[in-house]
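I hope they are handy to have beside the viewer.

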Amino acid sequence: MFLFTLLLSLSASAAAPLTLDDVADEAGLSFVLQNFCSPKKHMIEPMTGGIAVFDYDDDGLLDIFFANGAVIPSLKKEDPKYFNRLYRNEGGMKFKDVTEEAGLRGEGYSMGVAAGDYDNDGNIDLFVAGVFHNMLFRNTGKGRFEEVTAPSGINSDLWSVAGGWFDYDRDGLLDLFVVNYVEWSPETEPFCGDRARNIRVYCHPKYYKGVKNQLYRNRGDGTFQDVTETSGIGAHPGRGMSVAFEDYDRDGFLDAFVTNDNHPNFLFRNRGDGTFEEVGLLSGTALREHGKPVASMGVDFRDYDNDGLPDLVVTALAGETFPVFRNSGQGWFEDKTQPSQLGSLSIRFSAWGNGLFDLDNDGWKDLFTANSHVNDLIQLFEAREYKQPNSIFVNAKNGTFRDVSTALGADFQKPRAHRGIGFGDFNKDGRMDVVVTSIEDATELWENTGGNPNSWIILRLRGKKSNRDGIGAQVRIGSQYNMMTTAVGYASSSHSGVHFGLGDTRKIEKIEILWPSGIRQTLRDAAVNQVLDVVEGQSQ
């Protein structure tokens with residue numbers, strides 16, 4: 001067990017520690033991400049590793065699902081080590097592998113995962129994105145999942161990296177956005193690297209043709225209608241990596257932001273009539289202010305500066321920085337990468353998964369990034385490292401961040417090929433914990449043991465008759481704003497409620513919730529330090 005302590009300023013006169021333990025071994029999380037790393041350097045190899053954090057059995061404890069690779073070129077899980085895995089939370093930070101009994105070993109070369117209750121039965125379902133093999137698993141509510149991909153109408157004709165659930169047409173049913181990468185075949189993989197030295201590396205994305213993303217409208221009868229073309233989503237091919245949702249322009253409809261690898265990012269503005277307008281360039285989110293595309297990978301769409309508007313924080317490769325786009329509230333975003341200090345702090349890192357969560361419960365969202373370069377031989381060509389330690393950038397409360405990673409100690413600095421990331425309060429102590437996958441290496445489970453008296457609250461939202469997850473519900477407590485979403489980071493999903501750190505607050509005067517249905521709900525005089533179940537429109 002590794003224990004790291006860092007003194008973080010709570011106020012000018014007080015300080016409190018943030019402590020993190022990697023408890024994966026003790027917890028029973030024995031999962032090792034397998035990507036079938038081969039001398040042929042197939043482009044799909046470095047890109048697997050998505051995680052879903054969700055309560056599959058509705059016992060109040062968050063469980064963990066891991067997407068996993070397969071053999072290349074067969075793209076089959078020819079050995080149990082390639083199975084996707086589900087670990088049930090037994091309580092007390094102990095987990096049990098329940099993959100077989102849950103029916104979730106899966107098929108094909110899996111990449112990412114999205115958690116959401118698409119059939120409104122109160123049980124959280126899973127969409128698993130993969131290489132020419134997507135899967136939809138319906139949670140039966142009896143500890144098992146039923147694979148329903150074929151009858152649902154969801155296709156597997158492209159290389160899918162990620163997915164996300166959101167109700168784009170506000171009919172109370174979760175729709176599915178599928179993020180696709182490029183045209184690829186193991187038979188036509190180009191040689192990239194140094195032939196003279198016989199060094200082969202993963203090719204730059206420019207050698208592959210980008211493809212369109214896909215949008216599936218939920219019909220409400222267990223099937224989905226492919227509205228990719230009619231919605232306008234299909235008119236914009238790219239090299240998609242991840243997706244995040246928010247109503248950035250406050251018109252009542254959820255918009256979708258897609259990170260693209262060495263291609264301008266997409267911001268699909270929801271027109272509210274079933275169609276989307278791509279406004280990446282117009283909104284200032286397609287590119288950084290220098291006007292060049294970067295290797296955008298993970299993304300989180302949250303309010304980092306407590307002005308009540310959702311901002312964007314993106315991960316990219318070393319030398320590119322981690323872009324920060326601040327929502328101006330006027331339909332466009334400001335590039336705050338340098339003013340936020342993340343430009344200089346992240347310049348030497350590459351990252352995949354990321355998330356804006358209040359790790360020290362002081363009322364300001366911090367940034368955790370899962371770091372690693374994409375090229376496992378990068379050190380032969382550049383003065384950079386492939387395996388890298390994770391990073392924690394603490395919110396300085398003035399629009400800037402500061403890197404506290406090195407102060408956490410040598411063990412936190414252990415370099416790995418990190419990929420997916422998931423956030424949730426696994427032991428119900430009010431502090432957000434973090435789970436991270438690493439290619440061909442141990443999974444990390446960072447238990448946040450806090451060490452400060454800061455208050456907190458977690459809201460578990462339930463739509464009354466539809467949208468049972470409450471996805472898209474906007475929540476305000478004082479100057480803080482957050483939205484219920486499960487699309488977080490790189491190819492991952494955190495279905496862990498809506499968390500607020502509250503600092504020295506001892507009673508919450510008012511919680512305001514705007515549900516996707518348009519219903520406004522106000523809770524008054526709520527107790528702190530609790531997981532609060534909230535049903536749409538129901539008095540507490």
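1. G497 sits in the loop between β35 (493-494) and β36; strands here are DSSP runs of E with at least two residues, helices are runs of H or I with at least four, and both are numbered from the N terminus. Its C-alpha atom is 8.5 Å from that of T486, and the two residues are eleven apart along the chain. Setting aside neighbours within four places in sequence, G497 is in contact (heavy atoms within 4.5 Å) with I458, L459 and M484.

2. A word on ground rules: this is a predicted model, in which local features need pLDDT of at least 70 and side-chain atom pairs count only at pLDDT 80 or more, while totals for chains, interfaces and linings use all residues. Residues are numbered from 1 along each chain as its sequence is written, and side-chain values use heavy atoms, with hydrogens and water left out.

3. How many cavities of 30 Å³ or more does the whole structure hold? The search finds five. A cavity is a set of points, on a 1 Å grid over the protein atoms alone, where a 1.4 Å probe fits but cannot get out, and lining residues have an atom within 4 Å of a point. Points are joined across faces, edges and corners, and the volume is the space filled by probe spheres set on them.

4. The largest cavity holds about 90 Å³ of space. Its lining has 14 residues, and R302, L356, F357, N482 and H499 are the closest to the centre. Two or more lining residues come from each of β25 (351-357), β34 (480-483) and β36 (498-503), with β36 giving the most, three. By class, the lining has three nonpolar, eight polar and three charged residues; here Ala, Val, Leu, Ile, Met, Phe, Trp, Tyr, Cys and Pro count as nonpolar, Asp, Glu, Lys and Arg as charged, and the others, Gly among them, as polar.

5. The second largest cavity has a volume of about 50 Å³. Ten residues line it, and D411, K414, R416, E444 and W446 lie nearest its centre. This lining has three nonpolar, two polar and five charged residues.

6. There is one disulfide in the structure, a disulfide being a pair of cysteine sulfur atoms within 2.5 Å. It joins C192 to C203, with an S to S distance of 2.0 Å. The torsion about the S-S bond is about 105°, so the disulfide is right-handed. C192 lies in the loop between β12 (175-180) and β13 (193-194) and C203 in the loop between β14 (199-200) and β15 (214-218), so the bond ties together parts eleven residues apart in sequence. Both cysteines are buried, where buried means under 20% relative accessible area, exposed over 50% and partly exposed in between (1.4 Å probe, protein chains only).

7. C37 is in no disulfide, and the nearest cysteine sulfur, that of C203, is 14 Å away. C37 counts as partly exposed because its relative accessibility is 37%.

8. The count of aromatic pairs comes to 27. Rings of Phe, Tyr and Trp (its six-membered ring) pair if their centres lie within 6.5 Å; planes under 30 degrees apart count as stacked, over 60 as edge-to-face and the rest as tilted. F166 and F177 are edge-to-face, at 6.4 Å centre to centre and 65° between the planes, and both are buried. W352 and Y490 are also edge-to-face, at 5.1 Å and 70°; this pair links strand β25 to the loop between β34 and β35, 138 residues apart.

Terms used. 1 Å grid on protein atoms, 1.4 Å probe; cavity = no way out; pocket = protein on both sides within 12 Å on 5 of 7 lines; lining within 4 Å.
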